[in-house]
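Subject: Structure handover

Hello,

Here is the structure I promised to pass on. Please open it alongside this message.

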Amino acid sequence: MRNCYKYRGGIGVFDKDGKSIFDRDVNTLANNQIYLPTKSELNDPTEGFCNDYKIISLIEAFKQFSGDVKKQYQELLEKFAQIGIYSLSNNVTNELLWAYYGGGHTGFAIEYDIDILKESLNYNENFQAIFDFDVDYSRNVPIADLTILHSKDIIQTLKTFLGTKSLSWKHEEEHRLIVEGKGLFDIDYRAITGIYFGYRMQKEQIDQIMDTMKGRGLSYYKMELIDKTYKFAPLKIEDKYSNTAKYVANCIDYDVDELLRNSCVGEEKILLYRDKFIEALESIKNEPYIKDFYIATMASDSKEPLLKIFANTAKGIPPVREFNFRLNDKGELYRIK
C-alpha cells in the first residue's frame with residue numbers, strides 16, 4: 001500500500017461566488033469525489049512546458065511530406081491540454097505545503113491509498129485510462145523529439161509533457177495522477193484512509209470533518225510541532241464518532257437462484273456451490289458504483305472452481321464489472337483480481 005496526500009485549505013477562504021472553499025472541499029470528500037483540473041488550471045504558469053524544437057524543425061524541414069505527422073502532433077498537444085491532473089504529495093509533514101495549500105496550517109490533508117484510488121478511477125483491466133508517477137524536477141525544460149509520437153513508454157511521454165517541473169518545486173515531492181478526462185470524478189470511498197488536521201485547525205472544523213466522515217473507519221491525526229525544532233509530526237487522535245454504524249455507500253438486492261438460472265451452470269454444481277455464491281454476493285453487494293447483478297456463473301475451463309459474478313455499473317463506464325472468486329485448500333472463498 002502506498003499513501004499520498006492532498007492538502008486542503010481551512011476556513012475563511014471563498015470562491016468567486018462567495019462560497020466557502022472549506023465547505024466545498026468537505027462536501028466533495030463526503031460525496032466520494034475528487035476534482036481533476038487541466039494543466040491550464042494549475043497554479044504553476046509553466047505547467048506542461050517542454051522544448052519541442054526538434055519536432056517543429058523536422059516538420060518544417062519536410063513540410064511537403066509531414067502533413068500527417070504535424071496533424072498527429074497537434075492532436076497529441078490538444079489531448080494533453082484536456083487531460084485531468086490530480087496533484088498529491090508523498091509528504092504530509094512539509095511545513096511549506098501546510099502553509100501554501102493547507103491554509104496556513106488551518107486546513108487538513110487527505111490520505112489516499114493510491115492503489116485503491118487508481119482502481120476506482122479505472123477498474124477495467126483491459127483498458128488503462130489512468131497513469132501515475134512521481135514528478136521529475138529539473139533545471140531545464142524537458143526536450144521532446146519525434147520518438148514521442150511512437151514511443152511505448154507512456155510514462156516517459158507523460159513526464160515530458162505533463163510531469164516535469166522546475167527545481168523550485170522540488171520540496172512538494174509531488175505524485176501525479178493523469179486521467180483521460182477532467183472535472184469531478186467519483187472514487188471508491190475506501191481510497192481515503194486518513195485525515196490529518198493542521199496545527200492551527202480549530203476544534204469546530206475538526207469535529208465537522210469527523211462528523212461528516214463518521215462510520216468510515218478513518219484514522220485521524222493532528223499535526224504538532226516537535227519541541228525546539230522547525231519540524232511537524234502527526235499525532236494520532238481519537239475518532240469522536242468511532243461507535244457510529246458502519247458507512248454503507250451502496251447496497252444491492254439480489255436473487256441468487258435467478259442469477260444462477262441465467263448462467264450455464266448445471267443443477268449439480270448449483271446445488272454444490274449455491275452457498276458459496278451467496279457468500280460471494282454478500283461480500284460485494286456494498287461495492288460502490290454497482291447498479292445490479294445480472295449473472296452468476298462458473299468458468300468451465302478451470303480445474304479449480306472459479307466463481308464469476310457480473311454486474312452492471314451505475315455510471316456505465318465501463319458498463320460491466322466482473323468479480324472472480326476461488327476456494328482455497330480449506331474450501332474457504334477468496335476474491336481474486
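Below is what I found, from the whole chain down to single residues.

**Overall**

Keep in mind that this is a predicted model. The chain holds nine helices and 16 strands. Its C-alpha trace spans about 70 × 65 × 40 Å along the principal axes. Of the 337 residues in the chain, 45% are buried.

**Cysteines**

C4 has 0% relative accessibility, so C4 counts as buried. C251 has 48% relative accessibility, so C251 counts as partly exposed; the cut-off for exposed is over 50%.

**Helix α1 against helix α7**

Two packed helices are described by the angle between their axes and the distance between the axes. Start with α1 (residues 21-30) and α7 (residues 203-212). Their axes come within 10 Å and cross at roughly 25 degrees. Angles under 35 degrees count as roughly parallel, so α1 is roughly parallel to α7. The crossing of these two helices is right-handed. On the α1 side, the contact uses F22, D23, V26 and A30. On the α7 side, it uses Q205, Q208, I209 and T212. By class, the residues in this contact of α1 with α7 are four nonpolar, three polar and one charged.

**Helix α3 against helix α6**

Next come α3 (residues 67-82) and α6 (residues 154-162). Their axes come within 11 Å and cross at roughly 75 degrees. That angle falls in the 65 to 115 range, so α3 is roughly perpendicular to α6. From α3, the contact takes Y73, L77 and F80. From α6, it takes T157, L158, F161 and L162. The contact of α3 with α6 has six nonpolar residues, one polar residue and no charged ones.

**Two single residues**

D25 sits in helix α1. Is D25 buried or exposed? Its relative accessibility is 6%, so D25 counts as buried. Leaving out residues up to four places away in sequence, D25 touches R8, G9 and F108.

P37 is a loop residue, between β2 (33-36) and α2 (53-61). At 13% relative accessibility, P37 counts as buried because the cut-off is under 20%. Which residues does P37 touch, not counting those up to four places away in sequence? They are L42, I83, G84 and I85. Take I83 from that list. P37 and I83 are 46 residues apart along the chain, and their C-alpha atoms are separated by 8.0 Å.

Over to you.

Best regards

How values were computed
Residues are numbered from 1 along each chain as its sequence is written. This is a predicted model: local features need pLDDT of at least 70, side-chain atom pairs count only at pLDDT 80 or more; totals for chains, interfaces and linings use all residues. Side-chain values use heavy atoms; hydrogens and water are left out. Buried means under 20% relative accessible area, exposed over 50%, partly exposed in between (1.4 Å probe, protein chains only). Axes are lines fitted to C-alpha atoms, for helices over the stretch in contact, and angles run from 0 to 180 degrees between N-to-C directions. Helices (H or I, at least four residues) and strands (E, at least two) are DSSP runs, numbered from the N terminus. Angles under 35 degrees count as roughly parallel, over 145 as roughly antiparallel, 65 to 115 as roughly perpendicular and the rest as oblique. A crossing is left-handed if the near helix is turned anticlockwise from the far one by less than a right angle, and right-handed if clockwise. Contact means heavy atoms within 4.5 Å. Ala, Val, Leu, Ile, Met, Phe, Trp, Tyr, Cys and Pro count as nonpolar, Asp, Glu, Lys and Arg as charged, and the others, Gly among them, as polar.
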